[in-house]
Amino acid sequence: MTEYFKAVVDADDAPIVICDVNHIIIYMNPTAIKRYEKRGVANLIGQSIFDCHNAHSKGIILSVFNRFLTDPSLSKVYTYTKNWGGEDSDVYIVALRDDTGTLIGYYEKHESRLHEKTEA
C-alpha cells in the first residue's frame, strides 16, 4: 500500500515536504525537490525543517504544530499566501495522524491559485 501513497504525493503538482514530530524532513516530492533545488535539496532530507526557514516561519510552524498536538480534530491550517515566480499559492500545514489519532508528523503544502486548463 505504501507505494500507492508515495505515488499520490509524487503526482501532486504542489511541492510537499513531509516532516516527523521532531521536525526532521523525511520526504520531499519531486515538485518540492525541483522548487527548492537552489537551496541544496539533497542536503535537506534528514535535516530539521528549521534549517531552511527563518525565525518568523519557525514560529508559525511551531504554533501550528502545538495546535495539532492539543486538538486532535485539527488537520489542516492555512498559514499564508506566497508568490513564487509569479504564481500565487496558499500555504497550509497538514497534520499526519496514525489510526489512533496520534500526531506522527506533518507536511507543508502549497496550493496554487492558478486555474487549470482542460486538455480536451
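I started at Ser48, which sits in the loop between helix H2 (30–35) and helix H3 (55–70). Helices here are DSSP runs of H or I with at least four residues, strands are runs of E with at least two, and both are numbered from the N terminus. This is a predicted model, where local features need pLDDT of at least 70 and side-chain atom pairs count only at pLDDT 80 or more, while totals for chains, interfaces and linings use all residues. Residues are numbered from 1 along each chain as its sequence is written, and side-chain values use heavy atoms, with hydrogens and water left out.

Buried or exposed? I looked up Ser48 and found it buried, at a relative accessible area of 18%. The cut-offs are under 20% for buried, over 50% for exposed and partly exposed in between, with a 1.4 Å probe and protein chains only.

Next I checked what Ser48 touches: His23, Ile24 and Ile25, leaving out residues up to four places away in sequence. Contact means heavy atoms within 4.5 Å. I also noted that a polar atom of the Ser48 side chain lies 3.0 Å from the backbone nitrogen of Phe50.

Then I went over to His23, in the loop between strand S1 (16–20) and strand S2 (25–28). His23 counts as buried too, at 10% relative accessibility. Its phi is near 70°, a positive value in a residue other than glycine. I jotted down that most residues other than glycine have a negative phi.

Buried residues make up 35% of the 120 residues.

How values were computed: A polar contact is a pair of N or O atoms within 3.5 Å; within protein, one must be able to donate a hydrogen and the other to accept it, and residues adjacent in sequence count only if both atoms are side-chain atoms.
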